[in-house]
Amino acid sequence: MKYAGTLILVLAACHVDGSLRFLEDHCSSNLRLHSKLHLIGGDDAELFSTPWMAYLHRNGNFICGGTLITYRFVLTAAHCRKLDEQIVVRLGEYDVDTQIDCRDRGCALPFEDHEVESFYSHPSYTTIKHFDIALVKLKTRVVEQNNITPICLLLDTTDTWQRYVDSIQQFSVAGWGWTEAGSFSHVLKTANVTQVDQFTCLADFGFEVDQSHICAGDPARHTCYGDSGGPLFATISQDLVDYNVQFGIVSYGENPCQGVGVFTNVKSYIPWIEHTINRANTVA
């Protein structure tokens with residue numbers, strides 16, 4: 001993930017009317033985390049602020065990011081899996097160089113490595129530019145703790161909700177990806193990124209996107225190598241509760257990393273996500 005400067009950018013919660021229906025009822029909300037989520041461009045994430053982040057690795061070597069969306073499933077990008085690659089999902093990770101992560105607010109519980117039972121790429125996935133979404137089923141159910149909680153996925157697939165998504169000016173991203181220092185970050189990073197409309201994304205950056213994509217980024221804050229599979233998210237407020245909601249998955253961008261990236265629009269794949277999880281749980 002690329003960053004520049006130390007400007008603090010706090011993402012204000014977007015308010016929505018009507019009831020919200022989530023994939024996982026007990027997903028991440030600020031009421032349950034006992035603090036408001038402050039996202040800082042060009043700085044480390046706050047410990048405990050992104051408890052849904054997943055660190056996908058093989059023998060300790062980082063592969064991709066992901067998000068815990070239920071207590072048994074992780075969401076990531078389809079291109080994160082190579083044939084015959086044995087992926088392990090680490091939850092509760094923050095600083096890869098330390099066994100126990102501590103900051104001013106205290107210490108987190110140790111991370112957990114989970115073996116993968118099944119990896120479900122979207123059946124239509126053939127290239128990174130389309131259907132770049134996958135689900136990872138863990139062998140064992142995750143137990144919630146102070147640094148491990150699913151992110152919220154809204155089940156609304158209506159055009160009204162899509163218009164709301166299109167109206168969001170700023171999202172946030174998180175990951176351990178490539179930094180300006182020329183290496184992967186050992187500490188989880190977060191940054192705010194500006195949404196770019198589909199026309200501008202094509203006309204100015206040459207990305208052929210449709211409603212199944214979200215285009216976002218800034219010259220100073222954007223995703224890069226290693227951020228793939230991680231979340232594009234924002235805070236949704238209802239009835240005095242702030243819900244941390246995932247809207248996109250880091251998919252691809254400019255080479256070299258320069259500002260604007262393309263994200264898989266999660267809303268477009270909610271039926272597939274629900275169907276795949278239900279089928280996988282039935283088989284189990």
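Colleague: Which element of the protein has the lowest mean pLDDT, and which the highest?

Modeller: Among the elements, helix α1 (residues 30–33) has the lowest mean pLDDT, 50, while β5 has the highest, 98. Here pLDDT is the predictor's confidence in each residue, from 0 to 100, and elements are DSSP runs numbered from the N terminus, helices being H or I of at least four residues and strands E of at least two. This is a predicted model, in which local features need pLDDT of at least 70 and side-chain atom pairs count only at pLDDT 80 or more, whereas totals for chains, interfaces and linings use all residues. Residues are numbered from 1 along each chain as its sequence is written, and side-chain values use heavy atoms, with hydrogens and water left out.

Colleague: Where is the pLDDT below 50?

Modeller: Where pLDDT is low, the predicted coordinates should not be read in detail. Here the pLDDT is below 50 over residues 2–13 and over residues 32–42, although the protein averages 82.

Colleague: How many residues does the largest nonpolar core have?

Modeller: In soluble globular proteins, nonpolar side chains tend to be buried together. A nonpolar core is a set of buried (under 20% relative accessible area, 1.4 Å probe, protein chains only) Ala, Val, Leu, Ile, Met, Phe, Trp, Tyr and Cys residues joined through side-chain atoms within 4.5 Å. The largest one here has 50 residues, and Ile-69 and Leu-75 are among those with the most contacts inside it. Its largest share, five residues, comes from α4.

Colleague: Which residues does Ile-69 touch?

Modeller: Counting contact as heavy atoms within 4.5 Å, and leaving out residues up to four places away in sequence, Ile-69 touches residues including Leu-23, Leu-75, Leu-135 and Ile-273.
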